[in-house]
Amino acid sequence: MAASIRGIGRILCRVTPLLLQNIRQNKSLPVRLWTRAVFPGVQSSLALCTAASPEIPSDAGEALARYKDRPWDYLESEEYIALYGTSPVWSDYRRNHKGGIPPQKTRKTCIRGDKICGNPCPICRDSNVIINYQNVKLLQQFISPNTGIVYDSTRTGVCQKQQKQLNQAIGTARDHGLLPFQVPHVDFSGEDYSNCHDAVGSTPPPPTITSGDPWYRWYHTIQPDETEVAKVKKTYKAYLK
């Protein structure tokens with residue numbers, strides 16, 4: 001046993017300078033040469049590993065392309081039903097915050113360049129959830145069915161960037177008639193619709209005027225200022241001749 005260890009040590013001492021020279025020249029480790037030197041009787045079949053190119057499966061690529069052009073199909077797919085069921089996309093989302101009281105506003109955005117935060121919002125965490133004014137089923141999840149008001153981001157957990165896009169998409173969908181308007185009810189029971197008040201009552205006949213009487217009763221009692229009359233006569237002296 002000791003002799004075999006000594007023999008392996010001698011072989012390593014002989015092979016090490018050659019290996020260092022090859023590493024400096026080729027910048028790689030000759031695996032086959034190492035195995036042949038250490039184990040002369042073993043035929044090595046090892047090879048250097050090469051990095052595999054990342055390839056997206058054809059089915060996944062087609063799904064992403066289909067949902068990008070038609071995002072409303074994702075809400076009817078089996079994948080969406082398996083993830084969310086019949087609940088909204090934000091129902092099971094919980095925000096991360098310090099302390100027991102959540103902040104008054106959500107984060108500005110979940111994706112900054114190529115970096116994604118640790119707990120992205122319900123829309124940013126699922127790449128298939130795409131905001132579009134034609135994606136009515138998704139927009140209805142963020143609108144109150146009773147009041148028609150858009151849910152606040154503090155309730156749904158959506159970041160400010162996605163909340164702004166939601167508000168724009170909901171407004172566009174309402175303009176195109178895809179979402180209904182909620183008109184508030186106004187109670188007019190206290191209003192007076194009779195024609196007895198002065199605004200809609202009958203107009204009294206005008207008073208009779210005899211010749212020589214002024215149109216207004218107070219007109220003949222007004223006396224002009226003599227100083228102002230003198231100024232006017234002086235100004236238009238050339239025209240009063």
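Let's start with the nonpolar surface patch. I209, W215, Y216, W218, Y219 and I222 make a patch of about 760 Å². A patch here takes residues with over 30% relative accessible area and no salt bridge, joining nonpolar side chains (Val, Leu, Ile, Met, Phe, Trp, Tyr) within 5 Å and like charges within 9 Å. The areas come from the Shrake-Rupley method with a 1.4 Å probe, and for residues only the protein chains shown count as cover. I209 sits in the loop between α7 (160-175) and α8 (226-235). Helices (H or I, at least four residues) and strands (E, at least two) are DSSP runs, numbered from the N terminus. I209 has 42% relative accessibility, so I209 counts as partly exposed. The classes are buried under 20% relative accessible area, exposed over 50%, and partly exposed in between (1.4 Å probe, protein chains only).

Some ground rules. This is a predicted model: local features need pLDDT of at least 70, side-chain atom pairs count only at pLDDT 80 or more, and totals for chains, interfaces and linings use all residues. Residues are numbered from 1 along each chain as its sequence is written, and side-chain values use heavy atoms, with hydrogens and water left out.

Now the inside. The largest nonpolar core has 26 residues, and V89, I123 and F142 touch the most other members. At least two residues of this core come from each of α4, α5 and α7. α7 gives the largest share, four residues. A nonpolar core means buried Ala, Val, Leu, Ile, Met, Phe, Trp, Tyr and Cys residues joined through side-chain atoms within 4.5 Å.

Next, the rings. There are four aromatic pairs in the structure. Take Y74 and Y80: ring centres 5.6 Å apart, planes at 75 degrees, so edge-to-face. The rule covers rings of Phe, Tyr and Trp (its six-membered ring) with centres within 6.5 Å; planes under 30 degrees apart are stacked, over 60 edge-to-face, the rest tilted. Y74 is buried at 0% relative accessible area. Y80 is buried too, at 4%. Then Y80 and Y84: centres 4.9 Å apart, planes at 40 degrees, so this pair is tilted. Both lie in helix α4, four residues apart, about one turn of the helix. Y84 is buried, as is Y80. Y67, Y74, Y80 and Y84 form one aromatic cluster.

The charged end of R155 sits over the ring of Y151, 4.3 Å from its centre. The test: NZ of Lys or CZ of Arg within 6 Å of the ring centre and within 35 degrees of the ring normal.

Last, salt bridges. How many does the structure hold? Three. The criterion is a side-chain nitrogen of Lys or Arg within 4 Å of a carboxyl oxygen of Asp or Glu. R70 pairs with D73, closest N and O atoms 2.7 Å apart. R70 is partly exposed, at 41%. K137 pairs with E76 at 2.9 Å between the closest N and O atoms. K137 is in helix α5 (residues 136-140) and E76 in the loop between α3 (58-69) and α4 (78-84), so the pair ties together parts 61 residues apart in sequence. K137 is partly exposed at 45%; E76 is exposed at 52%. R125 pairs with D92, closest N and O atoms 3.2 Å apart. R125 is in the loop between β2 (115-116) and α5, D92 in the loop between α4 and β1 (111-112), 33 residues apart.
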